[in-house]
Structures are given as C-alpha cells and as structure tokens.
Amino acid sequence: MKTRALVAWNVRWIRLKRGISQEKLACDAGIDRSYMASLERQSKNPTIDILDRIAETLGVHLSEFFVRPSKRAGTLKALPKGRKLRPRRRKE
C-alpha cells in the first residue's frame, strides 16, 4: 500500500470508528470539508501540519496514520447519510 493510500485509509478508519462525519472532522480541524473528502479519496497530498491538526482533532498520535492495517481490519462502512438534527433548545 502506498503511503498516501495508507494515510487516507487510516484517517477514514479512525474517523469512522469514532462516528465522526467528514464535515465535523474538517470543521473541528479547521480545514475545508471538500479537502477532507479529497484526502480520503487520495487525490490530495496533505502537509504534515494538516495531518497534525487532524490527528489532534481525532485524539491520536500522528504516527497512527502510518500504521499498516491488519488483514483482519475488515472493510470500512460509511456513516448513515444525511445530517443529524440537533435538538432545538426551548426558549424559557
């Protein structure tokens, strides 16, 4: 597996394990959602600074993005489509 593919796979794997959408991760890391999608599709080559922000947001060490997955890691399933509605606060 090439390095860009390895990083993309690990970012997506960690994000999905935590149940975080691309949009939320991108927002919390201070990057554009479309850039996050491109990173996961391997069409962007992120800088160390971007990877560091993503790792910090996910709560992992940067080195986690370079770990080869085990053969038992399985396939990645996407989160349910659609935005999750936040409960409205009652005005008191």
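How many aromatic pairs does a search of the whole structure find? The search finds 1. This is a predicted model, in which local features need pLDDT of at least 70, side-chain atom pairs count only at pLDDT 80 or more, and totals for chains, interfaces and linings use all residues. Residues are numbered from 1 along each chain as its sequence is written, and side-chain values use heavy atoms, without hydrogens and water.

**View 1. The aromatic pair, Trp9 and Trp13**. The ring centres are 5.0 Å apart and the planes lie at 10 degrees, so the pair is stacked. (Rings of Phe, Tyr and Trp, the last by its six-membered ring, pair if their centres lie within 6.5 Å; planes under 30 degrees apart count as stacked.) Both residues sit in helix α1, 4 residues apart, about one turn of the helix.

**View 2. Helix α1, residues 3-17**. Helices are DSSP runs (H or I, at least four residues), numbered from the N terminus. At 1.5 Å a residue, the 15 residues of α1 should span 21 Å, and the end C-alpha atoms are 21 Å apart, which agrees. Just after α1, Gly19 takes a positive phi of about 70 degrees.

**View 3. The buried residues of α1**. Among them are Leu6, Trp9, Asn10 and Ile14. Buried means under 20% relative accessible area (1.4 Å probe, protein chains only). Their cover includes α2 (22-29), α3 (33-40) and α4 (48-58).

**View 4. The contact of α1 with α3**. Ala8, Val11, Arg12 and Arg15 in α1 meet Met36, Leu39 and Glu40 in α3. Contact means heavy atoms within 4.5 Å. By class, this contact has 4 nonpolar, no polar and 3 charged residues. (Ala, Val, Leu, Ile, Met, Phe, Trp, Tyr, Cys and Pro count as nonpolar, Asp, Glu, Lys and Arg as charged, and the others, Gly among them, as polar.)

Terms used
Helices (H or I, at least four residues) and strands (E, at least two) are DSSP runs, numbered from the N terminus. The expected span of a helix is 1.5 Å times one less than its number of residues. Buried means under 20% relative accessible area, exposed over 50%, partly exposed in between (1.4 Å probe, protein chains only). Rings of Phe, Tyr and Trp (its six-membered ring) pair if their centres lie within 6.5 Å; planes under 30 degrees apart count as stacked, over 60 as edge-to-face and the rest as tilted.
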